[in-house]
Amino acid sequence: MSVNGENPSASAVGLSLLGALGESDKQKMGAVLNRLLANNLLVKERDRETYMFLRRNREAAQAFFRFLQWEFILDDRHEVVFVQGPDSAIRRAFNRDETIWMLILRLIYQEKREALSLSEFPVATLYEIRSKYDTFRLPWINMTTLDRLVKLCARQQLLDALDDDIRSDDCRFRLFHSWIYFIDMDEVRALAERIERYRQREEDDLFDEVDEEASAY
């Protein structure tokens, strides 16, 4: 029986690469694979050693995820590793604040990256993020929620803060290329258009619309 339509012998050869690893590398590979199963993104900028380990053992890691019928992408161009289950099994539901925050940051990432070289990461200040909320007439979040959302995105390897005081308007956030895989841009554009079209509605109606149609990875 083939996995994802592949030649069974090719899958067997791929999996045999896992068994051929040295004992130390086997332990490391196990830890890395479990990490990717728990959090489907890894960024070289945040963890160069693990990224380079996966790059050296790409075929073995790919064979493991193919056996599970998962997609495995090691994007050398953007230096991102991304895995995804066949039925989006690792997608999680985000609440209203999380969904809106991530959509806003995805929009900012897309707008800024077009003017940068691939080696550069877009950088946005908290003021710019707050201004984007204002553009869509969305209520700004409180500071406790801000702290939680920044930690969530850092944990997902989507950004890091370049300044200590993340509550300051001048605080800069570096946006990683993992946003490309975390949220599909077509979904963001559709939601942005929907927000624009209905932004005159009552706030609760707007949030209901976002909750029902947002899809974040």
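Predicted model: local features only at pLDDT ≥ 70, side-chain atom pairs only at ≥ 80, totals over all residues.
Residues are numbered from 1 along each chain as its sequence is written, and side-chain values use heavy atoms, leaving out hydrogens and water. Local features need pLDDT of at least 70, side-chain atom pairs count only at pLDDT 80 or more, and totals for chains, interfaces and linings use all residues.

**View 1. Three strands make an open sheet in the order S4-S6-S5**. The pairing here is antiparallel (two strands pair if DSSP finds at least two bridges between them). Out at the edges sit S4 (123-125) and S5 (159-161), each pairing on one side only. From one strand to the next, the twist averages 25°. Strands are DSSP runs of E with at least two residues, helices are runs of H or I with at least four, and both are numbered from the N terminus.

**View 2. S5 meets S6, and helix H6 lies across S4 and S6**. S5 and S6 (residues 172-175) pair in the antiparallel sense over three bridges. Look for Ala 161: its bridge partner in S6 is Phe 173. H6 (residues 126-135) runs at about 75° to S4. Axes are lines fitted to C-alpha atoms, for helices over the stretch in contact (heavy atoms within 4.5 Å), and angles run from 0 to 180 degrees between N-to-C directions.

**View 3. Met 102 is buried in helix H5**. Met 102 has a relative accessible area of 0% (buried means under 20%, exposed over 50%, partly exposed in between, with a 1.4 Å probe and protein chains only). H5 covers residues 96-113. Leaving aside neighbours within four places in sequence, Met 102 is in contact with Phe 94, Leu 152, Cys 153, Trp 179, Phe 182 and Ile 183. Phe 182 is 80 residues from Met 102 in sequence, yet 9.3 Å away in space, C-alpha to C-alpha.
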